[in-house]
2 protein chains.
Amino acid sequence: MHYALYYWSGIQGRGEFVRLALEDAGADYTDVAREQGDDAIMPFLRGDHAGALPFAPPFLKAGTLLIAQTANILQYLGPQLGLVPDSGSRRVYAHQLQLTIADLVAEVHDSHHPIAGSLYYEDQKDEARRRAANLRETRLPKFLGYFERVLERGGGYHALRTHSHVDLSLFQMMAGLEYAFPRAMHRLQGGLPHLHALCIRVAARPNIAAYLASPRRCPFSENGIFRHYDELDDPA
Amino acid sequence: MHYALYYWSGIQGRGEFVRLALEDAGADYTDVAREQGDDAIMPFLRGDHAGALPFAPPFLKAGTLLIAQTANILQYLGPQLGLVPDSGSRRVYAHQLQLTIADLVAEVHDSHHPIAGSLYYEDQKDEARRRAANLRETRLPKFLGYFERVLERGGGYHALRTHSHVDLSLFQMMAGLEYAFPRAMHRLQGGLPHLHALCIRVAARPNIAAYLASPRRCPFSENGIFRHYDELDDPA
């Protein structure tokens with residue numbers, strides 16, 4: 001199966017969670033907007049096609065199927081790419097965890113855009129300082145502590161006792177948070193041994209290591225979801 | 001199958017999307033915290049059980065399975081309650097739409113709590129005014145316009161050419177928005193004929209009509225997700 005991924009070029013964004021799954025599995029895929037430009041996304045948002053209407057990228061074309069929403073795409077790809085357990089109940093859990101990662105990602109976005117995604121950061125800096133402080137002091141410990149417990153319950157190594165798209169997404173979440181909030185993540189590090197072991201393991205997977213070293217991996221930047229603004233991190 | 005729903009008593013919240021599906025299908029279920037108190041939720045959040053660890057309510061127990069995340073619960077219940085189409089591709093679309101409803105619900109929550117869910121509304125009123133204005137003027141037209149187009153593409157009546165949990169959730173989303181932002185929703189009404197027709201149809205389904213008239217339906221309130229603060233609606 002050939003997959004066509006549609007996501008804004010130039011940033012990792014939510015598309016990166018899908019890319020990591022495709023790359024890890026060595027899947028045959030095209031990153032359409034990187035090849036053809038972002039304009040290639042627009043006809044689908046306008047609905048100039050039959051079938052499912054996406055609200056926003058990322059979306060994936062697989063044969064005649066068009067699938068939007070990051071976690072939904074990963075749920076679809078999981079069995080095809082060998083990135084979910086076989087058991088039905090574990091697949092339900094995999095998706096639950098993926099949705100909880102999505103919730104945290106949305107909160108991270110809003111830490112620099114607490115008022116509106118359509119306004120510049122500079123137009124909501126004061127609000128961002130308040131929200132980011134709450135994220136660092138309350139939400140990150142809660143979410144990351146949760147995922148740490150999930151790993152412990154899974155045997156300490158995988159979220160689901162086997163490698164899965166959840167592990168890949170936890171890696172991306174941690175990488176993004178360490179980029180955006182290095183001091184806060186350093187403060188929290190001691191309590192997250194399983195998450196850190198997972199990140200080391202995922203980064204060492206041959207296809208992931210090759211991807212991270214390739215030009216296909218965009219750097220983190222202040223255009224993406226995980227942004228580093230020094231004033232939003234723990235005080236130095 | 002008997003289902004046990006765990007969600008905070010006293011509010012509709014995210015649990016209401018699950019309740020509407022269970023009620024519409026006439027399912028055999030217990031609303032545990034309403035019978036036993038909110039303390040019944042805590043052992044599961046602490047992880048005093050085998051299996052999947054929920055991050056937050058709502059979660060559902062069905063036999064030995066524990067399932068969290070609203071959209072994940074509805075995806076699980078859909079086939080069992082006859083609330084999804086038979087086709088695999090339409091089920092993928094159903095879930096995509098459910099996740100997009102979840103995204104809007106999160107934005108509605110943040111319109112009155114843009115800084116922190118753990119702070120009082122009164123401690124973030126100024127920020128809420130800014131964020132709610134953006135929600136009313138930018139995000140609601142975008143999301144609701146999207147769902148209106150989804151209904152048009154589905155034949156104008158159902159999101160998926162057949163009754164589904166998505167229709168029930170669109171009803172709940174609209175009911176909540178009309179409670180929270182009556183003036184803004186009145187302003188937008190003319191452009192949303194399919195969504196309004198859907199709401200009338202869903203409210204007239206016998207099991208839904210009976211539920212809405214029963215004491216099991218909590219009223220909307222300023223403790224839930226959809227809150228009416230007059231200063232956050234369109235100017236009078």
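**Group meeting talk: a two-chain predicted model**

I start with the sheet in chain A, where four strands lie in the order 2-1-3-4, forming an open sheet with mixed pairing. Strands here are DSSP runs of E of at least two residues, helices are runs of H or I of at least four, and both are numbered from the N terminus. Two strands count as paired if DSSP finds at least two bridges between them. Strand 2 (28–31) and strand 4 (65–68) of chain A are at the edges with a single partner strand each, so one side of each has no neighbour in the sheet. From one strand to the next, the twist averages 20°.

Before going on, the ground rules. This is a predicted model, in which local features need pLDDT of at least 70 and side-chain atom pairs count only at pLDDT 80 or more, while totals for chains, interfaces and linings use all residues. Residues are numbered from 1 along each chain as its sequence is written, and chains are lettered from A and ligands numbered from 1 in the order in which they are written.

Back to the sheet. Strand 3 (residues 59–62) of chain A runs antiparallel to strand 4 of chain A, and four bridges join them. One bridge pairs Lys61(A) with Leu66(A) in strand 4 of chain A. In chain B, strand 3 and strand 4 form a hairpin with two residues between them, and Gly63(B) in the turn has a positive phi of about 60°.

What lies across strand 1 (2–6), strand 2 and strand 3 of chain A? Helix 1 (residues 15–24) of chain A does, running at about 160° to strand 1 of chain A. For such angles, axes are lines fitted to C-alpha atoms, for helices over the stretch in contact, and angles run from 0 to 180 degrees between N-to-C directions.

Next, a helix pair. The axes of helix 5 (residues 88–112) and helix 7 (residues 165–180) of chain A come within 10 Å and cross at roughly 15°. That makes helix 5 of chain A roughly parallel to helix 7 of chain A, a term for angles under 35 degrees. The contact between helix 5 and helix 7 of chain A involves 10 nonpolar, three polar and no charged residues. Nonpolar covers Ala, Val, Leu, Ile, Met, Phe, Trp, Tyr, Cys and Pro; charged covers Asp, Glu, Lys and Arg; the others, Gly among them, are polar. Residues are in contact if their C-beta atoms, placed from the backbone, lie within 7 Å.

Two local points. The peptide bond from Pro57(A) to Pro58(A) is cis, with omega near 0°, and Pro58(A) sits in the loop between helix 3 (42–46) and strand 3 of chain A. Gln69(A), in the loop between strand 4 and helix 4 (70–81) of chain A, has a positive phi near 80° without being a glycine.

Last, the two chains together. 33 residues of chain B are in contact with 33 residues of chain A. On the chain B side, strand 4 (65–68), helix 4 (70–81), helix 5 (88–112) and helix 6 (125–153) each give two or more residues. That side divides into 17 nonpolar, 10 polar and six charged residues.

How is chain B laid on chain A? A turn of 180° and a shift of 0.0 Å along the axis does it, with an RMSD of 0.0 Å, superposing by least squares on the C-alpha atoms of residues with pLDDT of at least 70 in both copies. The two copies are thus related as by a two-fold rotation axis. The same surface serves both copies, as 100% of the contact residues of chain B recur in chain A.

Terms used
Two residues are in contact if their C-beta atoms, placed from the backbone, lie within 7 Å. Angles under 35 degrees count as roughly parallel, over 145 as roughly antiparallel, 65 to 115 as roughly perpendicular and the rest as oblique.
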